[in-house]
Amino acid sequence: MTVSAEPNISEPAASRGRLPRWVRPALGLVAVPLAAAVGWEAAVRTGLGDGRLVPPPSVILATLAELTRSGDLGRHAIATVMRVASGFALGVVAGTLLGAVTAYWRVARHLIDPTLQALRAIPSIAWVPLFILWFGIFEASKVILIAVGVFFPVYLGVLGAILSVDRKIVEVGRVFRLSGPAMVRRILLPAALPTYVVSLRAGLGLGWMFVVAAEIMGASEGLGYLLVDGQQLGKPAQIVAAIIAFAVLGKLSDSVLAMAAAPLLRWEDAFGARR
């Protein structure tokens, strides 16, 4: 006698109830900001809110359109993106190398890590006068300040990821007599990669934060300059427009980084991988 297996109807039903994969992030990006914009626009138009210090979305959109037509928005955005990209690359290289060395070599960890942990507690704005004295007010000081912000989350991510690798996996590599480079390539690197990607995204977020402090250091272009210019000239719409540009560029760069890392993490069978 054969027993026929019952068809599994739960998965198709569940899949029918889910939104398409591309809809979910788009909904998350649009729903809350759109609801807040519509609510504030209605409050200003009905006289319930004052649109002088916090302009309504219609004024902000007009300001964005004007900045775009004049070419100012594109010029300032490109300058900021180039600074963030340069500082991010420099901070990632330094954080990855030092994190790997201090994690893999115990002597270096005891010598270097305490000093780096102390430096991590220094506020970003405290570096500004020192970097101006060392590197001047031009691009070098701005890029290095951004690199400092990127460095620490990347360093901590690499250090913590390597130190948290399961000892039993390392012992398996030693049983198979893997060399040092082979141990790093075949065991430590894959095990540390998910945490490393998270640290890269955290470092990129701090890079966007540090670029504001960097562009306050006498910059003549950049989104941070737009912020300062709007504050000095009493243009709240320009300030909010620059903040929106920061938010959009930051989200786009984070999405690009996440998509670039996704193929490297395809093997990971994590809880949220298929949700």
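**Exercise 1. Determine how many helices and strands the protein chain of this predicted model contains.**

Solution. The secondary structure of the chain consists of 11 helices and zero strands. Read from the N terminus, the order of elements is α-α-α-α-α-α-α-α-α-α-α. Of the 275 residues in the chain, 35% are buried. Among contacts between residues at least 6 apart in sequence, 71% join residues at least 24 apart.

**Exercise 2. Identify which elements build the largest nonpolar core, and which of them gives the most.**

Solution. The largest nonpolar core has 51 residues. Phe88, Val92, Leu145, Val154, Tyr196 and Leu200 have the most contacts inside this core. Two or more residues each come from helices H3 (57–70), H4 (72–104), H6 (124–135), H7 (139–163), H9 (180–215), H10 (223–232) and H11 (236–261). H9 gives the most, with 14 residues.

**Exercise 3. Classify the packing of H4 and H11 by the angle between them.**

Solution. Two packed helices are described by the angle between their axes and the distance between the axes. For H4 and H11, the angle is about 45° and the axes lie 11 Å apart. Angles under 35 degrees count as roughly parallel, and 65 to 115 as roughly perpendicular. H4 and H11 are therefore oblique to each other. The crossing of H4 past H11 is right-handed. At this contact, Leu73, Ala77, Thr80, Val81 and Phe88 of H4 meet Ala245, Phe246, Leu249 and Leu257 of H11.

Terms used. Residues numbered from 1 in each chain as written. Predicted model: local features only at pLDDT ≥ 70, side-chain atom pairs only at ≥ 80, totals over all residues. Heavy atoms only, no water. Helix = DSSP H or I, 4+ residues; strand = E, 2+ residues; numbered from the N terminus. Buried < 20%, exposed > 50% of the residue type's maximum accessible area, 1.4 Å probe, protein only. Contact = heavy atoms within 4.5 Å. Core = buried A, V, L, I, M, F, W, Y, C linked by side-chain atoms within 4.5 Å. Axes fitted to C-alpha atoms, helices over the stretch in contact; angles between N-to-C directions. Parallel < 35°, antiparallel > 145°, perpendicular 65-115°, else oblique. Left-handed = near helix turned anticlockwise from the far one by under 90°.
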